[in-house]
Amino acid sequence: MEYSPLRAQHPYVLSASPVRRKLALFGIMLVLWVYVLYSCVGSCATVPSLRADRQRPEHAGLRSGIESRLVPRARGWEDYEQTGVGVFSRDLNNVNSDEGTNDRTFPRDGNDAETETERRRGGDAGGDTGGQTGGERRSPVHSGGLSTFSNGSGIKRLPQAIIVGVKKGGTRALLEFLRVHPDVRAAGAEPHFFDRFYDNGLDWYRDLMPKTLEGQITMEKTPSYFVTREAPARIYSMSRSTKLIVVVRDPVTRAISDYTQTLSKKPDIPSFESLTFKNRTTGLIDTSWSAIQIGIYAKHLDNWLQFFPMRQILFVSGERLISDPAGELGRVQDFLGLKRIITDKHFYFNQTKGFPCLKKAEGSSKPHCLGKTKGRTHPNIHPEVVQRLRDFYRPFNMKFYQMTGHNFGWD
């Protein structure tokens, strides 16, 4: 073949070289890769944070505004119109929580109240299950806009089940026992969202919850919900499928236990007898005293049944929680749709305290009993006063047995 100088020097002929062609293709790919990488770094580093920072406060504010118009703000208990039984608590400015802390209320913004204990204790005063560990409780907007999303160790969810009552009924014991179950995660301190902090919004509430994995149940307990008139509607507006647990106890014993707790912090309070009666001579019971009115279970339950069917409410016997903790925990596990993991092998009876303790607490290999504030010795109450209270509660107890379909044996 004859060699042609013109053909050899033509630029298109030179570009046809395999080596040059590969180099050109590699150069183009390198430029495209650098451009894509630069675009991803620039957008991914900024867009989510802008969305979280700009949108979450607006949505939270909108949701809080709508809910506050649909459901009344928390206020003191109102009188029962049909029965004439006054239930406005004398103790609203001196509230004792079920954890044994004394919550003195202070004015805030003219209408609300903030408790000294809440300001002091911050979030997770009762355990290691995901609440704030100190200082003031913070809104999710201020603690990180993406705090409710997965970071590899679960996500924060609104509770699917709530222990709503009652104070001095055994709610703390029940929650501590339930923590043994691997599929239960619970907030440490009582959130008091549906009675005190509802205006903070659901995002704030969710941020108080522990992180859970798929298949685990998120729970919280606040015993004052059961006697808060606005609580049922507010919980229903969050989720109509929420499961509710009420730990009930003989209302007379419960009232004495309530008084004992207050007495331990304020030894100079009036006697139990003087607080019980409006007039000792006539024997008229003073239902404005919170220790008395909490035990009128039928009245409070009627408020909950306006929003939730009975099948979504489980009543746990505070007495059987002491005498047969495994049996009651079996019922609770069934109600929550959990495998029966908590059994007799988890408990032993502490003769000194007079109630069962865990052989192994959550996250520990050591036995665990409730704190020294539980199991206090009750003061001696005159038998006549006790009998007057039993006579007072009897019709309410009968109505409660009828409503729940269960006789708790308090009479």
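**Figure 1. Leu 37 and its place in helix H3.** In this predicted model, Leu 37 sits in helix H3, which covers residues 18–44. How exposed is Leu 37? Its relative accessible area is 41%, so Leu 37 counts as partly exposed.

**Figure 2. A salt bridge between Arg 157 and Glu 214.** Look for the closest N and O atoms of this pair: they are 3.5 Å apart, and the two residues form a salt bridge. Which parts of the chain does the pair link? Arg 157 is in the loop between strand S4 (155–156) and strand S5 (161–165), while Glu 214 is in the loop between strand S7 (211–212) and strand S8 (217–221). These are distant parts of the chain, with the two residues 57 residues apart. Is Glu 214 buried or exposed? With a relative accessible area of 75%, Glu 214 is exposed, because exposed means over 50%.

Figure 3. Arg 172 and Glu 176 are both buried.

Figure 4. Now follow the side chains of Arg 394 and Asp 391, which meet in a salt bridge with an N to O distance of 3.0 Å. How far along helix H15 (residues 383–404) are Arg 394 and Asp 391 separated? They are three residues apart, so about one helical turn lies between them. Arg 394 has 33% relative accessibility and counts as partly exposed. Asp 391, at 39%, is partly exposed as well.

**Figure 5. Stepping back to the whole protein.** After the close-ups, here is the wider setting. The protein has 15 helices and 14 strands. Of its 411 residues, 46% count as buried. The protein exposes about 21,600 Å², and carbon and sulfur atoms supply 56% of that area. How many salt bridges are there? The count comes to 15. Finally, take the contacts between residues at least 6 apart in sequence: 69% of them join residues at least 24 apart.

Key:
Residues are numbered from 1 along each chain as its sequence is written. This is a predicted model: local features need pLDDT of at least 70, side-chain atom pairs count only at pLDDT 80 or more; totals for chains, interfaces and linings use all residues. Side-chain values use heavy atoms; hydrogens and water are left out. Helices (H or I, at least four residues) and strands (E, at least two) are DSSP runs, numbered from the N terminus. Buried means under 20% relative accessible area, exposed over 50%, partly exposed in between (1.4 Å probe, protein chains only). Contact means heavy atoms within 4.5 Å. Accessible areas come from the Shrake-Rupley method with a 1.4 Å probe; for residues, only the protein chains shown count as cover. A salt bridge is a side-chain nitrogen of Lys or Arg within 4 Å of a carboxyl oxygen of Asp or Glu.
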